[in-house]
Amino acid sequence: DLIKYNLQPSQFLSGFLMELLEREDSAQSVVYTFPHLTIQEFVAALARFLMPDAGGIQKLLTEAHCTTDGRFEVFLRFVAGLSSPWVTWILEEFLGPFPNETICRVIDWVKEEVKRQIRNAG
């Protein structure tokens, strides 16, 4: 099927990321696919978490949390999990230091969301 759509599998990267070269008439582009959506959500959360601009993380979390179809639920869980000191300690060995400001903003957002849910439940 890949050849039918003019795609060539090139190699597996890091055991879970597969690179496909999509050949078009005038240009070549690289497309990344994941064998499971959960891996894609983790990579998206990690990429956003490690961005130097921590200011937009709370807005992003609020917008993602407000969607009613649940499509960002796994993403939100990964972002919250990346704020755990244990997780950051383990991943920093491979990825370098995590931005402390982002960790604090995510923790603050989670605290406020829990408080809001408690107020709404009572």
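**A guided reading of the predicted fold**

In the protein chain, residues 24 or more positions apart account for 45% of the contacts with a separation of 6 or more, where contact means heavy atoms within 4.5 Å. This is a predicted model, in which local features need pLDDT of at least 70 and side-chain atom pairs count only at pLDDT 80 or more, while totals for chains, interfaces and linings use all residues. Residues are numbered from 1 along each chain as its sequence is written, and side-chain values use heavy atoms, with hydrogens and water left out.

The protein chain has five helices and three strands. Helices (H or I, at least four residues) and strands (E, at least two) are DSSP runs, numbered from the N terminus. Along the sequence their pattern is β-β-β-α-α-α-α-α. Of the 122 residues, 22% count as buried, that is, under 20% relative accessible area with a 1.4 Å probe and protein chains only.

Consider next a pair of helices. Helix α2 (residues 57-66) packs with helix α3 (residues 73-82) at an angle of about 145 degrees, their axes being 9 Å apart. Such axes are lines fitted to C-alpha atoms over the stretch in contact, and angles run from 0 to 180 degrees between N-to-C directions. From α2, the contact is made by Ile-57, Leu-60, Leu-61, Ala-64 and His-65, and from α3 by Phe-75, Leu-76 and Val-79. These residues divide into seven nonpolar, one polar and no charged. Here Ala, Val, Leu, Ile, Met, Phe, Trp, Tyr, Cys and Pro count as nonpolar, Asp, Glu, Lys and Arg as charged, and the others, Gly among them, as polar.

The largest pocket holds about 150 Å³ of space. On a 1 Å grid over the protein atoms alone, a pocket is an open set of points where a 1.4 Å probe fits, with protein on both sides within 12 Å along at least five of seven lines; lining residues have an atom within 4 Å of a point. The volume is the space filled by probe spheres set on the points, which are joined across faces, edges and corners. Helices α2, α3 and α5 (100-121) each supply at least two residues of the lining, and α5 gives the most, with six. Among the lining residues are Leu-61, His-65, Leu-76, Val-79, Trp-109 and Glu-113. The lining divides into eight nonpolar, two polar and two charged residues.

Finally, Thr-102 lies in helix α5. Thr-102 counts as buried because its relative accessibility is 1%. Leaving aside neighbours within four places in sequence, Thr-102 is in contact with Phe-49, Met-51, Ala-54 and Ile-57.

Note on methods: Buried means under 20% relative accessible area, exposed over 50%, partly exposed in between (1.4 Å probe, protein chains only).
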